[in-house]
Amino acid sequence: MNAPVKIETTLKDWETDQEVRWCPGCGDYAILKAVQRTLPQLGANPANTCFISGIGCSSRFPYYMETYGFHTIHGRAPAFATGAKLANPDLDIWLVTGDGDGLSIGGNHLMHVLRRNVNMQIMLFNNEIYGLTKGQYSPTSREGTKSPSTPLGSYDHPARPAAFALGAGARFVGRGFDVSKNLPEVLKAAHAHQGAAFIEIFQNCIVYNKDVFDDFAAPKGAEDRQLWLENGKPMLFAKETKGLTLDRDALCLKVVDVVDGDWEAAGVIVHDVTNRSIAHMLVEMPFGPFPMALGVLYDDPRPTFETAAIEERARASEGKDTNLAKLLAKGQTWTVSGTAQDPV
Amino acid sequence: MATQAKQPLTENPEAVVVRFAGDSGDGMQLTGGQFTLSTALAGNDLATFPDFPAEIRAPQGTLFGVSAFQINFGSREINTAGDAPDVLVAMNPAALKVNLASLKPGGLIIADTGEFSKRNLDKAKYGTNPLEDGSLAKWDVLAFDISALTIEAVKPFGLGNKDALRCKNMWTLGLALWMFDRDRGPLQEWLRQKFRTKPDIADANIAALDAGHAYGETAELSGPLRQVHVDPVASDPGLYRTITGAEAVSLGLVAGAQLAELPMFFGGYPITPASAILHHLARLKEFGVTTFQAEDEIAAICAAIGASYAGSLGVTSSSGPGIALKGEAMGLAIMTELPLVIVNSQRGGPSTGLPTKTEQSDLYQAVYGRNGDAPMPVIACRSPGDAFEVAIEACRIAVEYMTPVMLLTDGYIANAAEPWKVPDPANYTPFPAKFLTEKNGPANDDGEATLLPYKRDEKGARPWIKPGTPDLMHRIGGIEKDALTGNISYDPANHQHMTDLRKGKIDNIAVPDQEVCLGETSGKLAVVGWGSTYGPIHQAVGRARRKGLDVSHIHVRHISPMPANLGDLLRGFDKVLVPEMNTGQFKTVLRDQFLVDAQPLTKTSGQPFTIAELEAAIEGALA
Ligand code: SF4
């Protein structure tokens, strides 16, 4: 793969002439802007950038990006993206999916793209609802969600996207929400990560699941309920009056009070993005007793799928004859000349 | 004594059918494969039929664990594996029981008495030993203890009893090679190669082979065992090898990608009997082939489409149930007009059906089986060698017309082997893929050139635009799109127009005129086939014609779109008979296309048609 040349662009260069068709006030607008703001900062080249999506509100995303874009079929975007990346490893691929697309119909493909570690950024817009099909509950909807298909409230246990990703073998797990000002930073870290980078983005579906994330995303009191993780920094929130420590007996995280800013005394742990065990605890951390963990939860690259494929092809081809005529005549052959047969 | 006339082999027959049958663990497929190779080297024409159970390791000695390999070889053109064997090699009672019915009266049974124990007879549900109770009187029986003879032959190599008995198939093969006067040299060489890290095993197998051969020589003067000579067939001069359908499809795809000047991306998922193609291609990386074993059938086709989108020739392959799963993605490839080759190695259906048996029952699925108006070219190969040509043709149509193409083969073709005159790649016209590199639309108000991703060429194909190309950024997807810009369009007139364009593009694919492969262009009866029924139809029509019957054979490669002259051709016959291994699907398609009174002849037993069945049907139709 060639090292990408940095290109100078502005936000405008990433906008298409297509009318954006999300409902007014939908969180998707903010995510679109965040991505369009981030790409110029990365020096990304629109001609080399490719957005691939499945089906759903979020999956309309590629139409609004002045890049290459492929709006595919429900749940299967990871498979299309894998094929495209293997065919052209130089493409900078962003995958856009949702909670229904990525975790219901496409859960299998999401699992495999993550475990294979195909180099791309995977943005899962989690709005905990089916928007495009008019409001049915989704695999991430909370228990008791009333929807047209669950008029009495849902009773299945929700999937947790970040925990799913980590469990599937993801080497990068990030989290943000539509209007968070830190979202571009998470996107940048995901882009810098070589391999499949999974970003769960909480997204407000103003029509069918309005403000469902307000418990942690509402601006008022946000600092008490959001823990923005930074590599090498203590896990502090609530204006550094609280932090997370490791309960070494129960082997779980615990919220502790930090007195006078002395987080070391309180036993607050320092975020190490390569610590997979802590990452598992962070994605499992229930919101309520704990703050919502946001930012880069885990980032520990390892060799990517397409690199392995390229290397294998090179190894397998070494010293091999690529003459098609010879290939066709492989194995035991014989010649017919007139009437007699002679083994070759 | 038997009343039916015996038809024992003469000393110099035109053609011979041999069936090797044994337990799944007896190595019958390998035996058959090596016998095939020696037959090819002897210059006979041949056709084979591997017939094995769906179970990987069925319990030993059971009726459902029987694995067989049939070969028909001769000094004349051979198109089928033969209706009835002249020689049946039965390695155990179950193999005898399962295969006896098809043996010709007067045919030769070679049986291993070492396996005809009480226990094995019970497993095969024989009350008494058929070798001793006189029930085999209408055949010649040559029964002796192959097991013991093998153990004796390999004794010097110090193998355990189990390993020694593994050489039984080589002993039997040695005997068969003697019987048909074959050179053992290539096989000994092959054994040395195969077991090069285990020279003991190689030596033991060679010793067994030689012992079987020597047994034939010394036993010749007594009993029914005689040497038989089958003369070489007169074939076109040139270089030959044997090939199976799965190999031929794989090689054809590689050749097709080269002719298109494209790297190939193959997405597959394990399924019987299609996996063989994935296995072959996985070993051809040096030819620019990337193989990807996906997480499921859907991902396999989606990854292939993704690769086509990025500029490779995407290929996927499966069998009926897997093809069903790929349906939605085919629709996307049709909608986004990307090249793709889909290979369907058909098997018995529906559902899991008969995974290891053959059928042609996915024709409706191929032609009609998608949501919406989703036209897609369908072509079918008729024999292992033909699969090479058809695979190239599939690649050509896909690339030239920017469309997915379905290639139909089947379990029989996939596994069967035939001699193949090695083609010269230089004799094929290349069809290099063209990628758009500059904007192709008129200037806009600002005088800048515009991009029209759906502007069509004279064939109706849209341009292929690789992501990564500067200035040609655009979006495609499954939602209906504007006929030029490709932008989302819900406009009713545009959808009508696009539906017409998609259909027109496929309808207008250049397809060569249909030829008559045997007989005249008009007459009393046309037997019309497609796919692997070619061999039996061809032989049956040939025999009927020799009897003076007015019958011709037409075999269709291009199922959709059909050759333009096919309707007129069929209307030139009083009757049209369509034999196929399904309940009459091609018959329906022909009626739909041409309003001709095509009559079905159907068979869905998992076994190919016999020549006799077809001959009887021809005679019936002309009676
Ligand atoms: S339905 Fe919900 S998610 Fe979809 S566009 Fe409207 S607000 Fe956004």
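**Entry 1: a loop in chain B**

I started at B:Lys125, which sits in the loop between α3 and β6 of chain B. Helices (H or I, at least four residues) and strands (E, at least two) are DSSP runs, numbered from the N terminus. I note that this is a predicted model, in which local features need pLDDT of at least 70, side-chain atom pairs count only at pLDDT 80 or more, and totals for chains, interfaces and linings use all residues. Residues are numbered from 1 along each chain as its sequence is written, chains are lettered from A and ligands numbered from 1 in the order in which they are written, and side-chain values use heavy atoms, with hydrogens and water left out.

I looked up the backbone of B:Lys125 and found a positive phi of about 60°, although this residue is not a glycine. Most residues other than glycine have a negative phi. Is B:Lys125 buried or exposed? B:Lys125 is exposed, because its relative accessible area is 61%. The terms have cut-offs: buried is under 20% relative accessible area, exposed is over 50%, and partly exposed is in between (1.4 Å probe, protein chains only).

I then moved to B:Asn129, in the loop between α3 (118-123) and β6 (140-144) of chain B. B:Asn129 has 12% relative accessibility, so I list it as buried. Contact means heavy atoms within 4.5 Å.

**Entry 2: another positive phi**

I found a positive phi of about 55° at B:Asp181, again not a glycine. B:Asp181 is in the loop between α6 (168-179) and α7 (185-194) of chain B. At 43% relative accessibility, B:Asp181 is partly exposed.

**Entry 3: cis peptide bonds**

Most peptide bonds are trans. The bond from B:Thr272 to B:Pro273 is cis, with omega near 0°. B:Pro273 belongs to the loop between β8 (264-268) and α10 (275-282) of chain B. The bond from B:Gly349 to B:Pro350 is also cis, with omega near 0°. I place B:Pro350 in the loop between β11 (340-346) and α14 (363-368) of chain B.

How many cavities of 30 Å³ or more does the structure hold? I read off 5. A cavity is a set of points, on a 1 Å grid over the protein atoms alone, where a 1.4 Å probe fits but cannot get out, and lining residues have an atom within 4 Å of a point. Grid points are joined across faces, edges and corners, and a volume is the space filled by probe spheres set on the points.

I picked the second largest cavity, with a volume of about 60 Å³. Its lining includes B:Pro273, along with B:Phe49, B:Thr356, B:Lys357 and B:Tyr412. Two elements of chain B, β2 (45-51) and α16 (411-415), each give two or more residues to this lining. α16(B) gives the most, with 3 residues. By class I noted 4 nonpolar, 5 polar and 1 charged residues. Here Ala, Val, Leu, Ile, Met, Phe, Trp, Tyr, Cys and Pro count as nonpolar, Asp, Glu, Lys and Arg as charged, and the others, Gly among them, as polar.

**Entry 4: B:Asn99**

I found B:Asn99 in helix α2 (residues 93-99) of chain B. B:Asn99 is buried, as its relative accessible area is 3%. Its side chain makes a polar contact of 2.6 Å with the side chain of B:Arg19. A polar contact is a pair of N or O atoms within 3.5 Å; within protein, one must be able to donate a hydrogen and the other to accept it, and residues adjacent in sequence count only if both atoms are side-chain atoms. Not counting residues up to four places away in sequence, B:Asn99 touches residues including B:Ala21, B:Val66 and B:Leu88.

**Entry 5: chain A**

I counted chain A as 11 helices and 13 strands. Of its 344 residues, 54% are buried. A:Gly83 is in helix α2 (residues 77-87) of chain A, and at 0% relative accessibility A:Gly83 counts as buried. Beyond its neighbours within four places in sequence, A:Gly83 is in contact with B:Phe265, B:Ala303, B:Gly306 and B:Ala307.

Terms used
1 Å grid on protein atoms, 1.4 Å probe; cavity = no way out; pocket = protein on both sides within 12 Å on 5 of 7 lines; lining within 4 Å.
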